[in-house]
Amino acid sequence: MRSKLFVPGTRPELFAKALAGEADAISLDLEDAVSEPRKDEARETVRRFLESGEAASSRKTLIVRVNAMDTPHFERDVAAVARNGVHLINLPKPQSPAHVRAAAEAIERAERANGVQAPIGLLLNIETPNALRTAAELALAHPRVAGLQLGLGDLFEPLGIARREPSAIRQAMFAVRIAAGEAGLYAYDSAFANIRDAEGFRTEAMLARDLGFLGKTCIHPSQIAIANEVFRPTDEEIAHACKVVEAARDADARGVGAYVVDGKMIDIPFVIRARAIVESARSLGLIPG
């Protein structure tokens, strides 16, 4: 999931375009992109789309960002959008492990009511000071949690922190990545609001990649190609990873714990990373399956 494109729930004319585009995932938004008077309309529009043949035949990761649990919309959102084919529900502003568990229970109720066959995961937005401080606890709160997504705008703005302040961005990213790592989950990067600043988007995406994030949120189609390029494993990385995976098989057969590949010492953490790169490359069709 190198790229994830946000699509407002009130813009059904964009749904098919998003499915036909190059983003690995689309996130249908019922929260910030929808004004309060149009919440019910957006919910029904998204529900109809999720039950359509277009959605059913799509190979993209389908995500719905619902409204926060302290709003009157959360339960109705989940009941409407927990449908077959939805991979993740994106939960804004979880404030405690109890919040996360309650959200998971709401999803389970909706799955039973709607006949959902495959469990829907939770993508948690880390976008408040409390959530950043307790991110690992949130990540570990329930098995449905699949990843943590950083929301820098919501996190920084109330605190008066400049959205482009490099040290603050790096520290927040690092904290979320470590919390996700503690729980064995992925971390996903924040949106970048200035759609005209392609280099700013690229710079932030490259930092996220260096810090081990899975991909970056896109709010405009022009950002997708950059995210896909940045988070794609390079040819050099793929070639080295394939060598490491092959060497690991040989080492396991010989009972060797550490060895050298391309002049680099390799042990278990490097093998785990190499296997992840190979799996990613195969999923993208960069090497044979």
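# Close-up views of a predicted model

**View 1. Strand E5 (residues 121-126) pairs with strand E6 in the parallel sense over 5 bridges.** Strands pair here if DSSP finds at least two bridges between them. Helices (H or I, at least four residues) and strands (E, at least two) are DSSP runs, counted from the N terminus. The model is predicted: local features need pLDDT of at least 70 and side-chain atom pairs count only at pLDDT 80 or more, whereas totals for chains, interfaces and linings use all residues. Residues are numbered from 1 along each chain as its sequence is written, and side-chain values use heavy atoms, with hydrogens and water left out. Asn-125 stands opposite Gln-149 in E6. Gln-149 also has a bridge partner in strand E7, namely Tyr-188. E6 and E7 (residues 186-188) run parallel and are joined by 3 bridges. Strand E6 (residues 145-150) is mostly covered, with 5 of its 6 residues buried. Buried means under 20% relative accessible area, exposed over 50%, and partly exposed in between (1.4 Å probe, protein chains only).

**View 2. Strand E2 (residues 25-29) is largely enclosed by the rest of the structure, because 5 of its 5 residues are buried.** Both faces are covered: Ala-25, Ser-27 and Asp-29 are buried on one side, and Ile-26 and Leu-28 on the other. Strand E1 (residues 3-8) runs parallel to E2 and is joined to it by 5 bridges. Within E2, Ile-26 is the bridge partner of Leu-5. E2 also pairs with strand E3 (residues 61-65), again in the parallel sense over 5 bridges. Arg-65 in E3 is the bridge partner of Asp-29. Together, E1, helix H1 (residues 15-20) and E2 form a right-handed β-α-β unit. Right-handed means that, with the strands pointing away from the viewer, the path from the first strand over the helix to the second runs clockwise.

**View 3. Helix H2 (residues 39-50) has its buried residues covered by elements that include H1, E2 and E3.** The 12 residues of H2 reach 17 Å from the first C-alpha to the last, close to the 16 Å expected at 1.5 Å a residue. The expected span of a helix is 1.5 Å times one less than its number of residues. Buried in H2 are Lys-39, Ala-42, Arg-43, Thr-45, Val-46, Arg-47, Phe-49 and Leu-50. Helix H3 (53-57) and helix H4 (74-81) are also among the elements that cover them. Contact means heavy atoms within 4.5 Å.

**View 4. The domain assignment gives domain 1 (3-231) and domain 2 (235-284).** These bounds come from an automatic or database domain assignment. The C-alpha centres of the two domains lie 31 Å apart. A UniProt record (unreviewed entry) lists residues 2-221 as "domain: HpcH/HpaI aldolase/citrate lyase". UniProt positions are given in the numbering used here, feature names are shortened, and annotations may be inferred rather than shown by experiment. Over residues 2-221 the chain is 43% helix and 17% strand, and the end C-alpha atoms are 13 Å apart.

**View 5. Helix H12 packs its buried residues against strand E9 (259-261), strand E10 (264-266) and helix H13 (268-283).** Those buried residues are Ile-238, Ala-241, Val-244, Val-245, Ala-247, Ala-248 and Ala-251. At 1.5 Å a residue, the 20 residues of H12 (residues 235-254) should span 28 Å, which agrees with the 29 Å between the end C-alpha atoms.

**View 6. Lys-93 and Asp-262 are non-glycine residues with positive phi.** Most residues other than glycine have a negative phi. Lys-93 has a phi near 50° and lies in the loop between strand E4 (88-91) and helix H5 (97-114). With 28% relative accessibility, Lys-93 counts as partly exposed. Phi of Asp-262 is about 55°, and this residue lies in the loop between E9 and E10. Asp-262 is also partly exposed, with a relative accessible area of 46%.

**View 7. Pro-288 lies in the segment after H13.** Its relative accessible area is 68%, so Pro-288 is exposed. Pro-288 and Val-278 are 10 residues apart in sequence, and their C-alpha atoms are 10.0 Å apart in space.
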